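Take a look at the protein below and walk through it with me.

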Amino acid sequence: MYYRGSGFDFSNSLRNDFLQHKGVVLPKATSTGTTIVGCVFKDGIILGADTRATGGDIVADKNCEKIHYISESIRCCGAGTAADTEFVTASISSNIELHALSTGRKPRVVAAMTLLKQYLFQYQGQVGAALVLGGVDSTGAHLFTVHPHGSTDKLPYVTMGSGSLAADGRVRKWMETQHGDDDVRPAVQREEALKLVCDAVAAGIFNDLGSGSNIDACVITATHTEMLRNFVTPNERVAKEMKYGFRRGTTAVKSEHIRSLVTSEEITPTRGEAMDVS
């Protein structure tokens with residue numbers, strides 16, 4: 001073992017160049033392809049998410065639901081691998097329900113956050129679930145982010161996913177015009193906070209190729225949880241300006257060849273030799 005001096009160490013870069021010249025395919029960073037936003041307001045929490053699910057360069061689902069149920073007053077937005085976010089949130093929801101039944105108390109948001117980060121930390125980032133957890137319990141409104149490696153943050157507003165930079169810029173711009181500081185005050189009313197969340201998700205939709213389609217929102221208070229499915233639809237398909245049907249015979253047929261794809265064969269029955277029964 002030897003002492004390394006302070007400063008940057010580029011030995012891994014040299015190693016990666018050597019492996020690449022040897023034909024080793026280096027792993028690439030994957031995009032989460034989502035915009036999810038959370039914000040604390042006067043009476044609780046508002047969560048928002050887009051509805052586009054992608055598989056590489058292909059839009060797999062235009063109306064995917066990314067706000068997952070944890071408990072009556074706790075919801076979780078998921079970015080990353082769709083299967084991972086679905087399974088992790090469903091598993092934690094089941095454990096939270098069992099915890100509530102065993103204790104006889106309403107589950108707390110911090111309990112769900114602890115279960116999520118402990119589960120993700122076990123897999124060291126191999127489970128691709130970047131989560132925004134929000135809810136209201138007996139101690140008030142709480143908003144957390146849970147990263148795929150298990151680290152967590154608690155903030156008055158959060159953004160995650162590939163469109164998070166655009167969404168974060170929209171929130172910060174609103175804060176500068178409204179308050180002139182870097183804090184979303186809990187005194188924000190429901191309508192103002194809901195518009196802020198929708199505008200932030202819309203910024204991600206129109207500035208990130210991995211985000212798109214509609215905007216889902218969820219308003220959580222101490223007494224009620226309201227799920228607003230397809231609350232804003234900024235990408236509705238409009239009617240085509242022209243008709244693109246062409247009459248028969250518009251394009252000339254130069255040649256025609258019909259090939260039969262069914263192979264027919266004749267079977268001739270023959271008599272076999274008699275069985276030897278001696």
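Start with Asp50 and Lys66, which form a salt bridge with their closest N and O atoms 3.1 Å apart. (A salt bridge here is a side-chain nitrogen of Lys or Arg within 4 Å of a carboxyl oxygen of Asp or Glu.) This pair links distant parts of the chain: Asp50 sits in strand β2 (residues 44-50), while Lys66 is in the loop between β4 (58-61) and β5 (67-71), 16 residues apart. Helices (H or I, at least four residues) and strands (E, at least two) are DSSP runs, numbered from the N terminus.

Keep in mind that you're looking at a predicted model, where local features need pLDDT of at least 70 and side-chain atom pairs count only at pLDDT 80 or more, while totals for chains, interfaces and linings use all residues. Residues are numbered from 1 along each chain as its sequence is written, and side-chain values use heavy atoms, with hydrogens and water left out.

Are Asp50 and Lys66 buried or exposed? Asp50 counts as buried, at 0% relative accessibility, and Lys66 counts as buried too, at 5%. Buried means under 20% relative accessible area, exposed means over 50%, and partly exposed is in between (1.4 Å probe, protein chains only).

The structure holds six salt bridges, so let's visit another one. In helix α4 (residues 164-178), Arg172 and Asp168 are four residues apart, which means about one helical turn separates them. Their side chains meet in a salt bridge, 2.8 Å from N to O. Arg172 counts as partly exposed, at 37% relative accessibility.

Next come Arg229 and Asp216, whose side chains meet at 2.3 Å, N to O, in a salt bridge. Arg229 lies in strand β12 and Asp216 in strand β11 (residues 215-221), so the pair ties together parts that are 13 residues apart in sequence. Arg229 is partly exposed, with a relative accessible area of 31%, whereas Asp216 is buried at 0%. There's also a network: salt bridges that share partners join Arg170, Lys195 and Asp199.

Now for some strands. Find β8 (residues 140-146): five of its seven residues are buried, so this strand is largely enclosed by the rest of the structure. Strand β7 (residues 129-137) pairs with β8 in the antiparallel sense over seven bridges, and a hairpin of two residues joins them. (Two strands pair if DSSP finds at least two bridges between them.) β8 also pairs with strand β9 (residues 152-154), again antiparallel, over three bridges. Five residues lie between β8 and β9 in their hairpin, and Gly150 in that turn has a positive phi of about 110°.

A nonpolar patch of about 430 Å² is made by Met242, Tyr244 and Phe246. Such patches are made of residues with over 30% relative accessible area and no salt bridge; like charges are joined within 9 Å, and nonpolar side chains (Val, Leu, Ile, Met, Phe, Trp, Tyr) within 5 Å. The accessible areas come from the Shrake-Rupley method with a 1.4 Å probe, and for residues only the protein chains shown count as cover. Tyr244 lies in the segment after β12 (225-232), and Tyr244 is exposed, with a relative accessible area of 53%.
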